[in-house]
Amino acid sequence: MKLQKLTAGLLALSMMGAPLPAAAPMLTVCAADETPTEGTCGENLTWKFDESTGTLTISGEGEMMEKTWGDFKEKITRVVIEDGVTSIGEDAFYGCSGLTTITIPDSVTNIGPGAFYATPWLAAKKAENPLVVAGNVVIDGKDCEGDVVIPDGVVSIAISAFEGNQNLTSVTIPDSVAEIWEYAFYECASLTSVTIKGGEPRINNYTFMHCTSLTSVTIPEGVTSIGGLVFYDTPWLAAKQAENPFVIVSGILIDGTACEGDVAIPDGVTCINVNAFSNCTSITSVTIPDSVTKIGGASFYGCSSLTSVTIPDTVTSIAYNIFGGCAALTSIVIPDSVTSIEGYAFYGCKALTSVNIPDSVTSIGELAFYGCSGLTSVTIPDSVTSIGDRAFSDCTSLTSVTILNPNCEIGDYGDTFSNGRDGENYVYSGTIYGYENSTAQAYAEKYGYTFKSLGAAADVLLGDVNLDGKVDASDAADLLIALANVGAGAESGLTDAQTAAADADGNGTLNAGDAATILQYAAFIGAGGTGTLTDFLKAE
């Protein structure tokens, strides 16, 4: 069971474009107390075994984690799960050879694969009915045949519940079902028809993946969440792609891999799904409408011809691995609505020469810009409170990093910023700019990198190029003079602190646009406006 799911999981990660781990992570196992008959099996769950009755009781609130139950596993005859427990973990009671009675409350809405495998209880339930319902959860339908109707009142279909069933031909799902979990109907090769009668069920990743006979799918308009690769390798998806390169279900763009050239996502789409355009090598640009509020992880992974993307200010997160492997991507504008740039977001975007991180962003995930060899400089605004491990590793052209939050948490690796190697080790030979006694300074000193101070944290006001404590037209004039000096082949004449103050748009590059922004702000203040330049930019 575990080997099968690990293999399927690694395959799914590969399809999502996620770099595979060097080794499988260790499972979290419940820690037993010194007394071998009680302990914990979740953050807020406890278990207790009464050997005299063979009863195992699980109490508390929340999710159950995996547990092996030690030496008394074969002595368990009865399991009582009390109200408040919300899930039963994978393989939770696997191989409990004496287990005949189980009490499951309505609070349980998810039961992991193999939870009751090789138990007398499951064997008895399957003998009664091949469709096994525990509590309000369908946990096993692998022996079902023909047309299956899920009973009213069922609230979820468990992970892998029907996985690999070769005799299931159709399934009807009632409106009481709120969740269809991962792999629920994975590789059901004879399944031809799926009907979801209503409600707003959440359909998780890979649910109908490799259902190679599936031609008919009915999904209600109320559905607001459809996972990645749900219909991968099904005739239904192929037919939909032939009708229209945009496959849209209930406002969710679930697939666009048949698109070519310059792509404009249709108005009305609210979500671009996980893997929606993954490995689509024929698209060159994408324009996303304001109706979109969410773009799923790995949605544009491996789009190797994609050069530019326009993201609307309705989007709040740059998702995990969203543009990973987009080696031709040269232009990206991150809107001020974005609050997080998740891990691997721009992994391997070699052609990206600059990036403007707006001061709405509070976190940058691990390996977010790994391998962005075209980046020469980056300014990380003071809104960013954390920079993930190796976020700017292997950025071979990166020579200037400015970190404006003096307390920013920086991933404690020597290659969180790196532009080369010393043998097998990544190193950084550029300059890190930050305030005195900042985490940027501490990071640079720890790893022996060049650090230049921007002064005390309170000394520099954005837009105050001449450092006189206010922002006005004279600051724009000083910046234009500095730009003219550079244009004539001379030094700008600005100190590091002045350079940081002059970078009004925070993109790491000084140009006439910064001067224009400063002038606009000065005019705003002159007309009676209030607030800092940062406030002004946020309000625009």
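Student: Which residues does Ser377 touch, leaving out those up to four places away in sequence?
Tutor: In this predicted model, Ser377 touches Leu398, Ser400, Gly508 and Thr509.

Student: And where is Ser377 placed?
Tutor: Ser377 is in strand β28, which covers residues 377-380.

Student: Buried or exposed, that Ser377?
Tutor: Buried, because its relative accessible area is 11%, and buried means under 20%.

Student: OK, new one. Where does Ile203 lie?
Tutor: Ile203 is part of strand β15, residues 202-203.

Student: How many residues apart in sequence are Ile203 and Val223, and what is the C-alpha to C-alpha spacing?
Tutor: They are 20 residues apart in sequence, and their C-alpha atoms are 8.3 Å apart in space.

Student: Is Ile203 buried or exposed?
Tutor: Ile203 counts as buried, because its relative accessibility is 1%.

Student: Switching to charges. Which residues form the negative surface patch?
Tutor: The patch is made up of Asp267, Asp290, Asp313, Asp336 and Glu540.

Student: Take Asp313. Where is its place?
Tutor: Asp313 is in a loop, with β23 (308-310) on one side and β24 (317-318) on the other.

Student: Why does Asp313 count as exposed?
Tutor: Because its relative accessible area is 54%, and exposed means over 50%.

How values were computed:
Residues are numbered from 1 along each chain as its sequence is written. This is a predicted model: local features need pLDDT of at least 70, side-chain atom pairs count only at pLDDT 80 or more; totals for chains, interfaces and linings use all residues. Side-chain values use heavy atoms; hydrogens and water are left out. Patches are made of residues with over 30% relative accessible area and no salt bridge: like charges are joined within 9 Å, nonpolar side chains (Val, Leu, Ile, Met, Phe, Trp, Tyr) within 5 Å. Accessible areas come from the Shrake-Rupley method with a 1.4 Å probe; for residues, only the protein chains shown count as cover. A salt bridge is a side-chain nitrogen of Lys or Arg within 4 Å of a carboxyl oxygen of Asp or Glu. Lys and Arg count as positive and Asp and Glu as negative; His and the chain ends are not counted. The place of a charge is taken as NZ of Lys, CZ of Arg, CG of Asp or CD of Glu. Helices (H or I, at least four residues) and strands (E, at least two) are DSSP runs, numbered from the N terminus. Buried means under 20% relative accessible area, exposed over 50%, partly exposed in between (1.4 Å probe, protein chains only). Contact means heavy atoms within 4.5 Å.
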